[in-house]
Amino acid sequence: MRLRPNLSFTITILTAFSLVFVTAIALVVAGFRQAGSEAARHLAEQQLGAAAAASAANAGGLVHPLLGHATVLARAGAGLEPALAALIAESAVNAVNIVLPDGRWLQVLRLAALPEGVAPAPVPAGATFAARRVPAPPDQPERWTYLDAQGEARGTAAARRLTGDPRQLSWALQAREAGAHVSTLHDLPLLARPGLTVSHGLPGGGAVGLDVSLDTLGRQLAGGAVSPGGATVLFTENGILLAVQAPDYLAPRSARTQWTTLASSGDAALATLWTAFAEGRLREGERGILTIDGREHLAHLTGVADFVEPRVLVGVLAPLDDFTSGIEHGIRIGTLLGFGALAFGLGGLGIVAWRVSRPLGVLTREAEAIRRLDLATPLQLTTHITEVERLAQAMGGMKAALRLFSVYVPRDLVRKLMAEGAEAELGGERRRLTVMFSDVQNFTTIAERMDPEELMRITSTYFQALTDELLEHHATIDKYIGDAVMAIWNAPKRDLAHALHGCRAALHARALTERLETEFVARGWPRLHTRFGVHSGEAVVGNVGSTDRMAYTAIGSMVNLASRLEGMNKMYGTQILVSEATRLGAGSGFVFRPVDLVLAKGTQDPVEVHELVGLSTATDPRDAPLLADRALVMRLPAWGEAIRAFRAGQFSRATEALREAGDPAQDPLVAAYAARIARFPDGAPADWSPVTRLDSK
């Protein structure tokens, strides 16, 4: 008869711990010394390349969203509110300029960006922005209006004229040509810093411009060091230093812009990097090793595409020993500490193992009682180990839950809608809103197959979770329409960033409903796949109904368009569709994919429709699941080329681009366009139009 020894929990833990610990130390010491240096250098090269690419992308990404803002501002006209909204939506913008044909100048400034003493006194407490109005006559003073973060006036001041004729500014002259423009690097008025201006001409003459200072690039680089001794720097191809992680390299801020070169910065690393580039030893897109003060440094150069002239480069430097010096030292110290920890740990582990094994025996017997459904006797166990105590409490709770299994208390789904600032009377006001509609796919079919009571439980759980998520992201719940939810932003409470908040809410709601689908399937409930439509525009918002029964809601054609956007998801296989107005208002924090030009029934102008893919960046770890899929983002240039070719009627070129834009079997939107092109094997007919007409509401 074969005997199998039974070992106690304490002896088993001590023996296993000793064997695993000693074996692990031996393997780590043997392998880490050989592979550590090579891996560290390989990792350093990857990090340098990634840091350079990210910095170049961030620098280039500053400009492209501003082109859309400049176009929108030019259409909106010379108004303070659109200019202030653009300044709030884009944190990289320091000033928004509106130059009128007669020489008047409206400049909306971010006060934190101004050098000390530029803003005329008194500057009231709580002021965040300033509206600077410069009259056309040069002998008349300027008028400054100070605004808080919500755009409310806090005070005014007068000052002598600080600048000349704005119509002669380089960017204003450039804006006389059609379209949006990006200026060359120049001195920004009042800001006393180098920067660039994105401009667009006004319909009746004049121009709008958005100023971005180069120290904004420096703030983007501040957190991007690849090692303790590393640095990232932006400079032009003729050696002008634009931004660097260590701001002491730059000239101090004063009332006048001062330009600094890499060679004259006084820093050996920057000077060596410039010399290597100027002599051709380090080229754009290459990695190299530079010797700086006797230490070897890894270096990488990347160009910023489609930025300004002269060409801008990103350089990343890091000492090689930042990645390798700690390896040998760590091996020696770690080995000694490891064996010391082993000796100390064995003693402490023996005590802990005994204190754990004793209550585990009690819990084992309790588990056996639960397995036999012996639920009458309550669990009695005293222990000072938190995890064991929680396990005992959970087991006691499990017994209580089993005893009370038949008791069910439904959750309360009642939400109070707070209409701040709204009067209890019929009527409303015209306001620019963002409206979102959500709808459950095939809900009618699901409802017809279920009992009303079960359907009520499912929809109550669904609506409660979705409502909580939308309210958390600044939404006002307008109404529930069957299985649909209508939410609005910028009413009743003012919200200048309503398009941004609407897009963030849609992404969070999509993530929530996807989690609910999984949870519902686990419960045996049907999947409630939810689609969303978001649109921004002017509507009348207020109280409608009768004097004794009224509802706060929004009315207008833009509300209908938001509802139709939700329904269009069925055509394209998408989940979140937004209008062009929402995309521009949301800012640069999101990734969108162009979908179609749509002419809805009852409208005269086609609407540009986009798919909201996800966030472009996530500063909050909770937003990480909302980041756009990297593979889809990599295919967006090919998708954009396919859309441009399709709208131009060039179906052959569109088909070639679609092959790189995605797999039709995996991407319904790609499949939809492939099917459209397949209907015209001989190319676009003479009366063909890229606009999709919707004949039904």
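Trainee: Glu 566 first: buried or exposed?

Mentor: Glu 566 counts as buried, at 9% relative accessibility; buried means under 20% relative accessible area, exposed over 50%, and partly exposed in between, with a 1.4 Å probe and protein chains only. Before we go on, note that this is a predicted model, in which local features need pLDDT of at least 70 and side-chain atom pairs count only at pLDDT 80 or more, while totals for chains, interfaces and linings use all residues. Residues are numbered from 1 along each chain as its sequence is written, and side-chain values use heavy atoms, leaving out hydrogens and water.

Trainee: OK, and which residue forms a salt bridge with Glu 566?

Mentor: That is Arg 531, with the closest N and O atoms 3.7 Å apart; a salt bridge here is a side-chain nitrogen of Lys or Arg within 4 Å of a carboxyl oxygen of Asp or Glu. The pair links distant parts of the chain, 35 residues apart, since Arg 531 is in strand 19 and Glu 566 in helix 12 (residues 557–572). Helices (H or I, at least four residues) and strands (E, at least two) are DSSP runs numbered from the N terminus. Arg 531 is buried too, with a relative accessible area of 7%.

Trainee: Which residues do salt bridges with shared partners join into one network?

Mentor: Arg 593, Glu 611 and Asp 667 are joined in that way. By the salt-bridge rule the count comes to 20.

Trainee: What about Asp 623, which residue does it form a salt bridge with?

Mentor: Asp 623 pairs with Arg 504, and the closest N and O atoms are 2.6 Å apart. This pair also links distant parts of the chain, 119 residues apart: Asp 623 is in the loop between strand 23 (607–615) and helix 14, whereas Arg 504 is in helix 11. Asp 623 is buried, with a relative accessible area of 8%, while Arg 504 is partly exposed at 23%.

Trainee: And where do Arg 527 and Glu 517 lie?

Mentor: Those two form a salt bridge with their closest N and O atoms 3.6 Å apart. Arg 527 lies in the loop between helix 11 and strand 19 (530–546) and Glu 517 in helix 11, so the pair ties together parts that are ten residues apart in sequence. Arg 527 counts as partly exposed at 48% relative accessibility, but Glu 517 is buried, with a relative accessible area of 9%.

Trainee: Switching to rings: how many aromatic pairs are there?

Mentor: A search of the whole structure finds twelve, pairing rings of Phe, Tyr and Trp (its six-membered ring) if their centres lie within 6.5 Å, with planes under 30 degrees apart counted as stacked, over 60 as edge-to-face and the rest as tilted.

Trainee: Why is the pair of Phe 463 and Tyr 480 edge-to-face?

Mentor: Their ring planes are at 65°, with centres 5.0 Å apart, so the pair is edge-to-face. It links distant parts of the chain, 17 residues apart, with Phe 463 in helix 10 (residues 452–472) and Tyr 480 in strand 17 (residues 476–481). Phe 463 counts as buried at 15% relative accessibility, and Tyr 480 as partly exposed at 41%.

Trainee: Which residue does Phe 646 form an aromatic pair with?

Mentor: Phe 646 pairs edge-to-face with Tyr 673, 5.0 Å centre to centre and with 85° between the planes. Phe 646 belongs to helix 14 (residues 630–647) and Tyr 673 to helix 16 (residues 668–678), 27 residues apart.

Trainee: What lies over the face of Tyr 673?

Mentor: Arg 676 does, at 4.9 Å from the ring centre; a charge sits over a ring if NZ of Lys or CZ of Arg is within 6 Å of the ring centre and within 35 degrees of the ring normal. Likewise, the charged end of Arg 132 sits over the ring of Trp 105, 4.8 Å from its centre.

Trainee: Last topic, how many helices and strands are in the chain?

Mentor: The chain has 16 helices and 24 strands, and buried residues make up 44% of its 697 residues.
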